[in-house]
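Please read the following report alongside the sequence and the coordinates.

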Amino acid sequence: MNIQKLASEFWQQGFLVIDNFFDNELMDNCQQHIMTHFGEDPDFVHNEEFLKKSATDVIPWFPQEQGIEDFDIPNNDQRLKALTQAILGENWSNLYAMVMFSKRGSKGQAWHQDSPPEDKSKFNLNRLVYSMDINEHIGGQTLVIPATHLEGAITVGDINQDFANQVVLSPKKGTLVLLHGHTWHRVLNIKGQYRVSTNYRCCPAGTPSDITDIAVYRNMRYQFSSGTVIEDRLKQHE
Ligand SMILES: O=C(O)CCC(=O)C(=O)O
Ligand SMILES: [Fe+2]
């Protein structure tokens, strides 16, 4: 693994995909914990307005809060730490590990940025670990638009628009995806039984720990802690 090369690719593209980063046994163990927690048909936790406006059908779970040690293994991986450091620099910090579960027929996620992009030096880094294959049969592929982490706020418009330069990611079991929180991204609707990903979020030194409290969608800015739309972006463009 050429860490410097990968880090420079990350900074050009705003994302990075590395297949076979984690071994199958660890992925199977994590997947089993996730399925034990959720079952196949869990309830949603977000409020109606958010679910409707963001077209986001994701149920979060924070497994480290329950002390499940298998989820510490990716976080403690020396290769992942070294790569994170090459990208973020000294004194970066962990935010949290969040499992995201989407059930069959659910919508995935609309285009968004995880945190406000106005200050380029403050952002979250998504370190996404896939414990199952995501492909055109299962649905739920992750779409990204390269280099948009450099372009400021996502444009106002159709929340699920197709862009000519979008890239479709179909991560496999064991794939690691590193995704800058300001890179425009979305998740396609889920056709299979369910879709799971686990995000080990972290951030560079000097970034507040609540950096992901406000996400930017093409139609709104949404604050998770208060459960409110803090800016209706469509209205401003009427
Ligand atoms: O699950 C994924 O592939 C991406 C989810 C996402 O939007 C995020 O982790 O910020
Ligand atoms: Fe996201």
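Which residues are buried in helix H1 (residues 3–13)?

## Basis of the report

This is a predicted model, in which local features need pLDDT of at least 70 and side-chain atom pairs count only at pLDDT 80 or more, while totals for chains, interfaces and linings use all residues. Residues are numbered from 1 along each chain as its sequence is written, and chains are lettered from A and ligands numbered from 1 in the order in which they are written.

In H1, the buried residues are Ala7, Phe10 and Gln13. They lie on the same side of H1, because the arc that they cover around the axis is only 140°. Here helices (H or I, at least four residues) and strands (E, at least two) are DSSP runs numbered from the N terminus; a residue is buried if 20 or more other C-beta atoms, placed from the backbone, lie within 10 Å of its own, exposed if 12 or fewer, and partly exposed in between; and the arc is that of the directions from the helix axis to the C-beta atoms. The face of H1 turned away from the buried side carries the exposed residues Gln4 and Lys5. The buried residues pack against strand E1 (15–18), helix H5 (78–88) and strand E8 (176–180), where contact requires C-beta atoms, placed from the backbone, within 7 Å.

In H5, Leu80, Leu83, Thr84 and Ile87 are buried. These buried residues line one face of the helix, because they fall within an arc of 100° when seen down the axis of H5. Their cover includes H1, helix H4 (72–76), E5 and E10.

## The nonpolar core

The largest nonpolar core has 46 residues, and those with the most contacts inside it are Val177, Leu178 and Tyr217. Strand E10 contributes the largest share of this core, five residues. Such a core is a set of buried Ala, Val, Leu, Ile, Met, Phe, Trp, Tyr and Cys residues joined through C-beta atoms within 7 Å. When residues up to four places away in sequence are not counted, Leu178 touches Phe10, Phe15, Leu16, Leu125 and Arg127.

## The shell around ligand 1

Ligand 1 is surrounded by Met100, Gln109, Asp114, Asn126, Leu128, Thr142, His185, Val187, Ser197 and Asn199, a residue being near a molecule if its C-beta atom, placed from the backbone, lies within 6 Å of it. Strand E5 (125–129), strand E9 (185–187) and strand E10 (194–203) each supply at least two residues of this shell.

Most residues other than glycine have a negative phi. Asn20, in the loop between E1 and H2, has a positive phi of about 55° although it is not a glycine, and Asn20 counts as exposed because it has 11 C-beta neighbours inside 10 Å. Ala147, in the loop between strand E6 (142–144) and strand E7 (167–169), likewise has a positive phi, near 65°; with 16 other C-beta atoms within 10 Å, Ala147 is partly exposed.

Strand E12 (residues 220–223) and strand E13 (residues 228–232) pair in the antiparallel sense over four bridges, pairing being defined by at least two bridges found by DSSP. Tyr222 has Val229 in E13 as its bridge partner. Four residues lie between the strands of this hairpin, in which Gly227 takes a positive phi near 65°.

Technical notes:
Contact = placed C-beta atoms within 7 Å.
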